[in-house]
Amino acid sequence: DLFHSVVIVGGGAGGIAVAASLKARKPDLDIAVIDPADIHYYQPGWTMVGGGVFAPAGTARTMASLIPKGVHWIKAAVAAFEPERKTVILEGCRTVRYDRLVVAPGLKLDWAGIEGLAETLGRNGVTSNYRYDLAPYTWDLVRNLRSGRAVFTQPPMPIKCAGAPQKAMYLSADHWLRQGRLKDIAVELYNAGPVLFGVKEYVPALMEYVRRYEAGLHFQHTLVRIDGPAKRAWFSRKSEDGGSETVERAFDMIHVVPPQRAPDFIHASPLADGAGWVEVDSASLRHVRLPGIYALGDACNTPNAKTAAAARKQAPVVAHNLLVDMGHLRGPEVSYDGYGSCPLTVERGKILLAEFGYGGKLMPSFPAWLIDGTKPSHMAWLLKERMLPPIYWKAMLKGREWLAKPQAVDKAA
Ligand code: FAD
């Protein structure tokens with residue numbers, strides 16, 4: 001029976017960042033991170049891998065190299081929670097007790113949720129930037145396609161990095177345009193949702209690119225089945241009268257973004273809300289019902305954009321509030337404002353830097369003369385290509401918070 005003062009479930013973007021933030025505030029705190037994975041991935045880099053900009057290896061590091069010094073790593077998967085006994089149960093039935101718990105296991109990509117997908121992924125022109133081993137295949141397909149139809153799909157929300165499905169489309173179409181092939185390639189986006197992007201300020205600039213690439217937009221279309229060898233895909237489309245019909249489409253290449261859900265062991269746990277996500281207060285990130293439990297990252301039910309950028313702002317909030325709660329820091333509490341960011345790669349060399357908080361409130365990090373997020377910007381591309389990876393590895397995962405200082409909440413206000 002193991003015990004650690006603070007136990008963190010998941011060593012991804014949120015888990016490592018919060019471990020580092022806790023250590024930065026209280027170096028002698030007894031912390032354990034539980035994660036079965038050998039490799040930690042910088043997933044925001046995968047769009048760039050699929051666009052032929054980054055080499056895949058640069059987006060992966062060993063977990064061992066990222067666990068902060070002095071933090072214990074329990075290399076196992078969590079299977080269940082027993083909050084009343086302050087215990088997590090590992091696969092194989094070992095248990096770990098804690099004083100405070102932080103939950104950050106990310107979300108589940110439901111590849112099996114689309115009939116026929118799992119058996120054809122990585123072959124027959126079927127790819128996805130949502131997997132490390134497949135993002136390079138996207139770039140292979142893009143480079144080799146001369147003519148035909150290229151289909152890009154987006155599942156129902158919520159998903160991580162909601163811009164990623166269309167980022168893949170723009171970077172691919174831009175390559176074909178520059179190669180003089182776009183006139184022979186039909187580009188189509190099939191989106192389960194009703195709009196191109198959920199924050200309306202960014203839509204006009206995106207629509208200019210849709211027109212430039214002559215991309216066909218199909219809303220309320222959800223991918224349900226795929227036949228790789230036959231190169232066909234089926235979508236269920238909501239009709240006006242509330243019913244649905246099936247639409248069949250042939251493709252030469254298809255970039256699929258899978259449906260996404262809360263991990264099963266979270267969904268089935270007492271931590272979950274009705275939809276399966278960890279139920280936390282959207283400002284303090286503390287569990288709304290269970291004392292001593294915090295969560296951050298994609299697994300939370302907070303209505304922010306599920307991004308590493310959000311986890312970067314959430315980690316110091318969790319670290320601070322948890323230490324106040326333990327009596328190691330003096331109050332007041334700090335709160336998370338819902339910040340998330342989605343750098344939309346609209347062409348090679350230009351990005352539309354969407355940054356927004358709860359309620360779709362725009363939250364630009366830069367003055368408009370430097371980067372105006374509603375306009376395509378080369379400066380924003382340089383930020384994504386050159387700055388954000390080192391900010392991730394060297395600042396966010398090391399507890400250096402110069403871009404993520406949390407705000408104290410004024411309870412009186
Ligand atoms: P993750 O980083 O996914 O980590 C979860 C960790 O939990 C993993 O290490 C996993 O092994 C572990 N785990 C899972 N189950 C268990 C278990 N049972 N027990 C213990 N550990 C477990 N974000 C941006 O900010 N900008 C972008 O441009 C961007 N682009 C993206 C593009 C793509 C293609 C993808 C896939 C994502 C993108 N994101 C982007 C989103 C970003 O990667 C995620 O939001 C972020 O990684 C979430 O962090 P997390 O810690 O919640 O989950």
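The domain assignment divides the protein chain into domain 1 (2–107 + 262–335) and domain 2 (111–259), with bounds that come from an automatic or database domain assignment. The structure is a predicted model, in which local features need pLDDT of at least 70 and side-chain atom pairs count only at pLDDT 80 or more, whereas totals for chains, interfaces and linings use all residues. Residues are numbered from 1 along each chain as its sequence is written.

The centres of domain 1 and domain 2, taken over C-alpha atoms, are separated by 31 Å. To the contact between them, domain 1 contributes 15 residues and domain 2 contributes 15 residues; two residues are in contact if their C-beta atoms, placed from the backbone, lie within 7 Å. On the side of domain 1 that touches domain 2, the largest share, four residues, belongs to α2. Helices (H or I, at least four residues) and strands (E, at least two) are DSSP runs, numbered from the N terminus. This side of domain 1 comprises seven nonpolar, six polar and two charged residues, where Ala, Val, Leu, Ile, Met, Phe, Trp, Tyr, Cys and Pro count as nonpolar, Asp, Glu, Lys and Arg as charged, and the others, Gly among them, as polar.

The ligand is surrounded by 38 residues, of which the closest are G10, G12, Q43, G106 and G297; a residue is near a molecule if its C-beta atom, placed from the backbone, lies within 6 Å of it. At least two residues of this shell are supplied by each of α1 (13–25), α2 (46–50), α8 and β21 (340–347). Domain 1 and domain 2 each provide at least three residues of the shell. Its composition by class is 21 nonpolar, 13 polar and four charged residues.

The largest nonpolar core contains 124 residues, and I8, V18 and A295 touch the most other members. Such a core is a set of buried Ala, Val, Leu, Ile, Met, Phe, Trp, Tyr and Cys residues joined through C-beta atoms within 7 Å, a residue being buried if 20 or more other C-beta atoms lie within 10 Å of its own. Helix α8 (residues 308–326) gives this core its largest share, nine residues. Excluding residues up to four places away in sequence, I8 touches G15, V18, A19, I31, V33, I34, V102 and A104.

Strands β11 (residues 148–154) and β12 (residues 185–191) run parallel and are joined by seven bridges. V151 stands opposite E188 in β12.

Technical notes:
A residue is buried if 20 or more other C-beta atoms lie within 10 Å of its own, exposed if 12 or fewer, and partly exposed in between; C-beta atoms are placed from the backbone. Two strands pair if DSSP finds at least two bridges between them.
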